[in-house]
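Biologist: I would like to learn how to read the features of a model such as this one. Please show me the structure and then take me through it.

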Amino acid sequence: MLTPTQLMTYNFPMQSFAKAFRGEINADSSIEICARCRSEYNRIIDDPEDICLYHPKKAIPVPPFDTLYRLHPCCGTEKGSTGCTFNNFHVSSSKCRVNDDFLNTADYDFTEKNIVVLDTEMCYTKLGLEITKVTLLSFDGSLLFETYVQPKSPIIDYNTEYSGITAEMLEKKKTLQFEEVQALLLTIINKDTIIIGHGLENDLQALHFIHTKIVDTSVIFRTEPGFPFRPSLKCLSEKFLGQVIQKDTHDSREDCRVCLDLLMLKWSWSDFCLGLCNCPNVYHEVFNPPIKI
């Protein structure tokens, strides 16, 4: 599990979480930084002439990799070039705000001790990123809980490529209110529950949960050049499981299963190495080489 230092380093919600927001909030609470084009905008006032021009794919290194030269895969242009895609709305990556109440799972102490795998999908709303789907798997891989969620604020971008959510889904599927989902999750998750996932600080921020027993696959697999860079779940799945995921869109249930498979693989490596030589250092060097990203 992640140590208390790691939880703070990776911005997991803690008691003093007010200073650890992912979203970039200006002194004027109505002014924010667009998560796509990185320009300032007013989230309260809609300006039809203020178009968001951005690259949907982040610039990545190109051979030789020892240079700073990067290209956007979406259009093949160099990093810093004018965006190739536009949207009528700017969007915020904020998942919580200063006045939001956080629920601490330490206050929920019932006898059942369990291990769950968690993933959420989010859409862009006027408030930022809000949860529109939650999936929980049990440690044996079976579906434990899944629901669609009605966000508090109107959706301005379903972000389908990354969320897998469409307007039709939320119209046809039964949805629950955010507070209802929180209450249901807290009948499953308590202070002793171990939660497995990938980039779980984002999920817990959006759920407004404080929880400390975390196993995060984006942290337990090392990367080059190291912190703050972390491997994507897609990268880990292809490298270690030989599975190609997230081909068209993300699916929370699939992502949960991959996280569980990665953890079991990591666990088996550790047991194998320790059984051979009882030397953790060998395990780290042989079975956990840095992943280049």
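This is a predicted model: local features need pLDDT of at least 70, side-chain atom pairs count only at pLDDT 80 or more; totals for chains, interfaces and linings use all residues.

Biologist: Now a helix. Which residues of α4 are buried?

Modeller: Helix α4 spans residues 178-185, and its buried residues are Phe 178, Val 181, Gln 182 and Leu 185. These residues lie on the same side of α4, because they cover an arc of only 100 degrees around the axis.

Biologist: What covers the buried residues of α4?

Modeller: The cover includes strands β7 (103-104), β9 (128-138), β10 (143-150), β12 (175-177) and β14 (209-210), together with helix α5 (200-207).

Biologist: Is α5 mostly covered or mostly open?

Modeller: Mostly covered, with 7 of its 8 residues buried. The buried set is Leu 200, Glu 201, Asp 203, Leu 204, Gln 205, Ala 206 and Leu 207, so judge each residue by its accessible area, buried being under 20% relative accessible area. Helix α4 is among the elements that cover α5, as are β8 (115-125), β9, β13 (194-197), β14 and β15 (214-216).

Biologist: Which side chain does Thr 193 join in a polar contact?

Modeller: That of Asn 114, at 2.6 Å. The Thr 193 side chain also reaches the backbone nitrogen of Asn 190, at 3.0 Å. With neighbours within four places in sequence left aside, Thr 193 is in contact with Asn 114, Val 116, Ile 188, His 211 and Lys 213.

Biologist: How do I read salt bridges?

Modeller: Side chains of opposite charge can pair when their charged atoms come close. A search of the whole structure finds 11 salt bridges. One of them joins Glu 161 and Lys 57, at 2.8 Å from N to O. Glu 161 is in helix α2 (residues 160-163) and Lys 57 in the loop between β3 (52-54) and β4 (60-61), so this pair ties together parts 104 residues apart in sequence. Glu 161 is partly exposed at 34% relative accessible area, and Lys 57 is partly exposed at 33%.

Biologist: Which residue forms a salt bridge with Glu 146?

Modeller: Lys 133, with the closest N and O atoms 3.8 Å apart. Glu 146 lies in strand β10 and Lys 133 in strand β9, so the parts tied together are 13 residues apart in sequence. Glu 146 is partly exposed, at 26% relative accessible area, whereas Lys 133 is buried, at 8%.

Biologist: Which residues form a nonpolar patch on the surface?

Modeller: Ile 51, Leu 53 and Phe 86 do, with about 280 Å² of accessible area together. Phe 86 sits in strand β6 (residues 85-87) and counts as exposed, at 55% relative accessibility.

Biologist: Last, the backbone. What should I look for in phi?

Modeller: Most residues other than glycine have a negative phi. Asn 11 has a positive phi, near 65 degrees, and lies in the loop between α1 (4-9) and β1 (31-33). Arg 38 has a positive phi of about 65 degrees, and its place is the loop between β1 and β2 (40-42). Asn 11 is partly exposed at 22% relative accessibility, and Arg 38 is partly exposed at 44%. His 208, which follows α5, has a positive phi near 60 degrees.

Notes. Residues are numbered from 1 along each chain as its sequence is written. Side-chain values use heavy atoms; hydrogens and water are left out. Buried means under 20% relative accessible area, exposed over 50%, partly exposed in between (1.4 Å probe, protein chains only). Helices (H or I, at least four residues) and strands (E, at least two) are DSSP runs, numbered from the N terminus. The arc is that of the directions from the helix axis to the C-beta atoms. Contact means heavy atoms within 4.5 Å. Patches are made of residues with over 30% relative accessible area and no salt bridge: like charges are joined within 9 Å, nonpolar side chains (Val, Leu, Ile, Met, Phe, Trp, Tyr) within 5 Å. Accessible areas come from the Shrake-Rupley method with a 1.4 Å probe; for residues, only the protein chains shown count as cover. A salt bridge is a side-chain nitrogen of Lys or Arg within 4 Å of a carboxyl oxygen of Asp or Glu. A polar contact is a pair of N or O atoms within 3.5 Å; within protein, one must be able to donate a hydrogen and the other to accept it, and residues adjacent in sequence count only if both atoms are side-chain atoms.
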